Amino acid sequence: MRERSERRPQWVYGQGDDPDYSSSLANERTFLIWVRTALALLAAGVALDVVDLSISSRAQDAIAMTLLGLAVVTALVSWVRWGLVERSMRRREPMPPIGFGALLMLAVGGIAAILIIAWL
C-alpha cells in the first residue's frame, strides 16, 4: 500500500487524516455525477451544432459553443470541488459552500428558454 505522502493530488491527501470510507465514496460518486453532467452538456453542444434549427446559424453556433464551454467548466469545477470536499473531510472542517450548481442551473435554464422561444 502507498504511503499517504505519495498519494496524489498532494493538496488533498497531504493533509489531515483519512475520513470514513463511506463519506469519501459518497464524495467520489458526487464527482462522477458532475462528470456525467459535463458529458451531457458536451453531447448537447455537439447535437446543437449538428441539428439545423429555425434560428440563425450564428445564434445556434453561439449556443452550441456556450454548452461546450459549460461542459469544460463543469468538468474542471467538479474536480476542484471533489478535492475541496475531500480535504475538508480530512481536516474535519465544514464543507465548502455550494455555488456553481446554481450558476449552472441558471445558464442551462436560460439556454433552454432561448431555444424554446426560438422553436415556437
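**Close-up views of a predicted model**

**View 1. Arg-92 lies in the loop between helix H3 (57-91) and H4.** Helices here are DSSP runs (H or I, at least four residues), numbered from the N terminus. This is a predicted model, in which local features need pLDDT of at least 70, side-chain atom pairs count only at pLDDT 80 or more, and totals for chains, interfaces and linings use all residues. Residues are numbered from 1 along each chain as its sequence is written, and side-chain values use heavy atoms, with hydrogens and water left out. The phi of Arg-92 is near 60°, a positive value in a residue other than glycine. Most residues other than glycine have a negative phi. Arg-92 counts as exposed because its relative accessibility is 64% (buried is under 20% relative accessible area, exposed over 50%, partly exposed in between; 1.4 Å probe, protein chains only).

**View 2. Helix H2 (residues 21-50) packs with helix H4 (residues 100-119).** Their axes are 13 Å apart, at an angle of about 20° (axes are lines fitted to C-alpha atoms, for helices over the stretch in contact, and angles run from 0 to 180 degrees between N-to-C directions). H2 and H4 are therefore roughly parallel to each other (angles under 35 degrees; over 145 is roughly antiparallel, 65 to 115 roughly perpendicular and the rest oblique).

**View 3. Leu-42 is part of helix H2.** With 38% relative accessibility, Leu-42 counts as partly exposed. Apart from neighbours within four places in sequence, Leu-42 is in contact (heavy atoms within 4.5 Å) with Leu-68 and Ala-71. Leu-42 and Leu-76 are 34 residues apart in sequence and 13 Å apart in space, C-alpha to C-alpha.

How values were computed:
Helix = DSSP H or I, 4+ residues; strand = E, 2+ residues; numbered from the N terminus.
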